[in-house]
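Please read it alongside the sequence and the structure shown here.

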Amino acid sequence: MGLVRLTENGFVFGEAVVVDTIPTLEPEPFTFPSLIPGRELKDGEQYRFHFNMTKCIGCRSCEVACNEQNGNPADILWRRIGELEGGTYPNTQRHYLSMGCNHCLDADCVKGCPVDAYKKDPITGIVVHSADACIGCQYCVWNCPYSVPQFNPERGVVGKCDMCKGRLEDGLEPACVNACPESAIEIEIVNMANWRENFTEADSPGMPLASHTISTTRITLPENTTTTLERVDSGQVQPEHAHLSLVFMTTLMQGITGALIVLLLNRSLDPLRLFLLLNIGGVAVTISTLHLGRPAYAWRALKMWRRSWLSREVLLFTLFLLTLTALTAITAAPLLHLHIPVHLIAPIACLAIVFGLGGTLASACIYLVPARPSWNMIHTPIDFFLTASFLGTMLSAALCNLPHPVLLATLTAIAWSLNHAFRLYRLHSSKLFESRAAFSLLSSHLLRAHTIAAFALVALSVTLLTTGHPLIALAIGWCAALLARYLFFVSVVPLNMALTFIRSRHA
Amino acid sequence: MRLLDKLRRLAGIDTAQKRYAYGKDDRYGFVSASRVADTWVKTTCGYCSVGCGMLIGVRDGKAVSSRGNPDHPVNRGKLCPKGLSEHHILSAPGRATTPMLRKNGKLEPVSWDEALNTMVERIGSIQTRYGPSALGVVGTGQLLTEECYTLGKLVQLGFRTPNNDGNTTLCMASAVSGYKLSFGSDGPPGNYTDLETADVVLLIGANIADNHPILCNRLERNKHRTLIVVDPRVTKTAMMADIHLAVKPRSDIALINGIAHILIRDSLIDRAYIDAHTTHFEDLSAFLQAFTPEHVAEVTGLTTTQIEHVALHYGRARAAFIGWTMGVNHSSQGAVTVAAINNLALITGNIGRAGATPFSITGQCNAMGTRETGFTSSLPGYRKFENAKDRADLAALWNVDPAIIPQARGLAYPDIIEAAVTGKVKAIWFIATNPAVSFPNYSLFEQAMRSLEFVVVQDGFFPTPTSDFADLVLPGAIWGEKEGTYTNSERRVSKANRIVAPPGEARPDFDIFLDIATRLGLRDTLYPGWSTTHDAFREWQRVSTGRMCDYSTFTWDEIESRGGMQWGGERLYSDGVFPTPDGRARLHLVPCDPFTEQPNEEFDFILNTGRTVEHWHTRTKTAQVDMLNKMVPNAWLEINPIDAARLKLHSHDRVTVVSRRNQVANLELRITAIVAPGQVFMPFHFSETNSNLVTLGAFDPISREPNFKQCAVRIEKTTQRPGAKLPPAT
């Protein structure tokens, strides 16, 4: 018998209990059913979770069992309960999601990983993560539309649900499946091709659209509900991690790339200036490794350049700095009375610029991920290039006495400001909750002053340049760029599965 | 070396591989190596009264894992999140590890000798000056049955004060009183299997999905049942229901009477059972005339159709189960509400049969043990204070003078507190309970504490909000550190075992009781030849022989090997004979009175209090389990969207609940259709936002249970909310 809600209008009842249909008052002997497949996987099949929302009572045993299974601290939940609610009292509907990893067919975590730490297991289809291979870059955290991978600062690596692969291989139920007192979670076999054709059962209130990555988790929803279930966790968003090392690295690399262009156009490439740029680049790269949970293994990030934008960024910026080193050496050669053909300077400088711009593009592409809507906008690459132009102009103005490129600086500053303003407007009027929430964060009392200050500082910087204070202008301009980049990182609202209303919040 | 380790971590060369390695447990297979055990100790969960069987994994003398015991009949291997993380409590911080005595206003560590000598001396001095009953003792359903029994003797026969009660009076005293009113004795007649076989299950004021999650599984095994949930909130349990009756607060009596009215009107009653086994049916029948569906609809806020349908369901059921918890008990009409529930079961013959029972789902892991052995609301073995033969029996069993056994019940818990304010009680000994958070109307409680000459707080944890008032703190062992039995809601006696040693100088409560008896010079009189809780169990077996709660038919070993034993068998009253003078159950006429503190213009909301699955009582335990505490780190207040809009409040605003007595600030506001307009709900677990600052000190005249569930409050904004003002989610 389905749920019957009684209202002042009477109620739709299932069939009244007819006494004769009740077979016996003896309890049937009870054993919990096996909730894992009873047969081997065939070709083209994989395991998946089935979550039955109609059975879940929101007791959270699965979450505790998961952490006990994996020895995770309380801040990390590889399985999470989300609350959904709808209707008006007393016809209220409350339901729960219990979600681990969705072991997607097109897993973005796998594609983005620069070190190949992720594998979609060829036999079981389980998306497996290797803590040994991981360097803690957290690009998978940004890529996953379900916010499944979680960074463990104690280890410096990411971790995630692997469907208790080790238990399945021994014929045992995963911890969450086994712990659930209501048998709401089970492991099923799915034919991947069929699922790719029709994966509507993967969608549910409180879940980002399954089409992003083709989640394989099948969700049984309550039947015949006219109520729209909504998540309850979205009433308050916290600023995300600032990733300060990336704030510095991206702006610094963009600044020296821009400066190199301006200096070349200005025919002002001299060893001292180049040496300075090179040093800034060195600092930027060093800072960037601090973003990693495992800086000692930063070099591994080059590995997946064929697939990962992060690898490409690392590769291109490495080439950029190498070329810049060569360029510096060549321009410095005459000082050391070495004979190096001077006509090589322009081509090598151009090559360096290509690598620099390529790195900047790769850098921007890292942030073009559907899982983070406020990053996934054309404004991101535009901002990165305009920042390169603006800071480059400012930097070269400070390095050279003349002529001051006031016009260029003014134009880029205007373009930069317009791009940011337009981005804010689009965030504000977006259809996506996460984008609007990002705008709300930027305009909240937490960040409003920062947002206004970024614009004001850019204007001030140009004014100072115009009035002949290039050094102060550079300092102010750089502050503006850092502030804007900081806001870029902290104001992003990632896609996520529904969570609970009351919960611990971590930055 | 440490610096080198730090650098290795910073560089990422070390990723704590060892700590996060996996291993293979002999019994449970592939699992985090940190949870691999070398032995598994059978025990029973120390949280709620469901009484789940557990296996605790131990490695190198440390508890490393909790698992449900797959052979235990109650839970068949499943546990709730509190049970699954229970091993953490045995290595949790915040434990009381040494006796502490207040000297010059400060609690300072002292030896056990000094602590207990001081206790005996100070209490002795107070009792000399003010009489024996100037000592009040408040025990708990957290103790082992053996300890409850030992404590009862110590307090009543040792300290000679009748003012002995437990925190169970804040919990299920109304169920006890209600059972006594109807059946002549306490004792829940049914069992959990009845949930599986009943064809109608009526839950009144029982949110089992949050509070007894493992019972949901027992209920879900029953594919034929119609589940009716009566609750003013749309609880998780209401979501499981086939029919949810969202009644107005405290209108349950009207609903129950209304159902009985319809059953009598439509002859859906068991006339033969009524005639053979009950009294006062004609009075009841006449009394119920007034509870017409129209009248009941008005009182409950339901429609007559709803009431008729539910009555029809109940009346037609071949076996109907009525379960209740704190929604019924936490009321100043709790005892009689239970009697009204019993009426319903009796007039339909829904008692003493498979699936048919009025069933109190109780609270703490051993609330039942205190009821049976406790020496609080009755003498051990459900004997009556007033009954001379009962007293003589006990005196003979104990080999003491019958005159020293009190002839009437002493003060109940709330009356002990009140007597402290009025100066009749001068010393209180609290054992494993935290009244500074759990007792209603904190202001009065605080006044009581300040009026006392001597406060002893015996607890596994330190500090607690209650130990702030203590003159003496005695560190007790907790679940997992001592051996004995717990009795669950279905009268199942299960074994709780020692897994690890108590921390520091903490001692099992049993040892403390024996030590105090020694210092009183009464060890041999009260506890002849005793050294372990098993000695207490053996004496308790003799004392309970032939009583309804007869423990003499099973040994500790049998209890352990058979997953618990139910005293009284599967169910009580199968023969229709009740322990009343005439052997018949009594039907009571229960009026439905409005609750004490009605909302008005100034205090325009009804505050309801309750629990959440992640926490236990006042969080002395669960706040120390990181996983549970981080799931729900703070309290909240539920308010209906209509009221929130009227008050211009937003989700996550910090609000203050103000009552006539006091206020609770900084509650995170949850705007939700879980609660009705005009009602608000908050959990009572959090000492930081203590609901009992605002609750009412109104008590049931029979059971003395507080009316935690309704008081009048208003809602104000505390501060601006910290986060961003967000757009609507869709």
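**Aromatic pairs**

Over all chains, a search of the whole structure, which is a predicted model, finds 47 aromatic pairs.

- B:Y47 and B:W616 form an edge-to-face aromatic pair, with 5.9 Å from centre to centre and 70° between the planes.
- This pair links distant parts of the chain, since B:Y47 lies in the loop between β3 (39-44) and β4 (53-59) of chain B, while B:W616 lies in the loop between β23 (605-610) and α26 (626-631) of chain B, 569 residues apart.
- B:Y47 and B:W616 are both buried.

**Contact between chain A and chain B**

- Chain A contributes 92 residues to the contact and chain B contributes 101 residues, and the two chains bury about 8,000 Å² between them, with 57% of it on carbon and sulfur atoms.
- Seven salt bridges are counted between chain A and chain B; in a salt bridge between the two chains, the side chains of B:K630 and A:D75 meet at 3.1 Å, N to O.
- Between chain A and chain B, 32 residue pairs are in polar contact, counting pairs with both residues at pLDDT 80 or more.
- On the side of chain A that touches chain B, at least two residues each come from β1 (4-5), α1 (61-70), β3 (80-86), β4 (93-99), α4 (165-169), α5 (175-179) and α13 (433-443) of chain A.
- The element that gives the most to this side of chain A is α1(A), with eight residues.
- Sorted by class, the side of chain A that touches chain B holds 43 nonpolar, 27 polar and 22 charged residues.

- A:T217 sits in the loop between α6 (192-197) and β10 (218-220) of chain A.
- Why is A:T217 classed as buried? A:T217 is classed as buried because its relative accessible area is 2%, where the cut-off for buried is under 20%.
- The side chains of A:T217 and A:N102 are joined by a polar contact of 2.6 Å.

Definitions and conventions:
Residues numbered from 1 in each chain as written. Chains lettered and ligands numbered in written order. Heavy atoms only, no water. Contact = heavy atoms within 4.5 Å. Buried area = accessible area lost by both parts, 1.4 Å probe. Salt bridge = Lys/Arg side-chain N within 4 Å of Asp/Glu carboxyl O. Polar contact = N/O pair within 3.5 Å; in protein donor to acceptor, adjacent residues only side chain to side chain. Helix = DSSP H or I, 4+ residues; strand = E, 2+ residues; numbered from the N terminus. Nonpolar A, V, L, I, M, F, W, Y, C, P; charged D, E, K, R; others polar. Phe/Tyr/Trp six-rings, centres within 6.5 Å; stacked < 30°, edge-to-face > 60°. Buried < 20%, exposed > 50% of the residue type's maximum accessible area, 1.4 Å probe, protein only.
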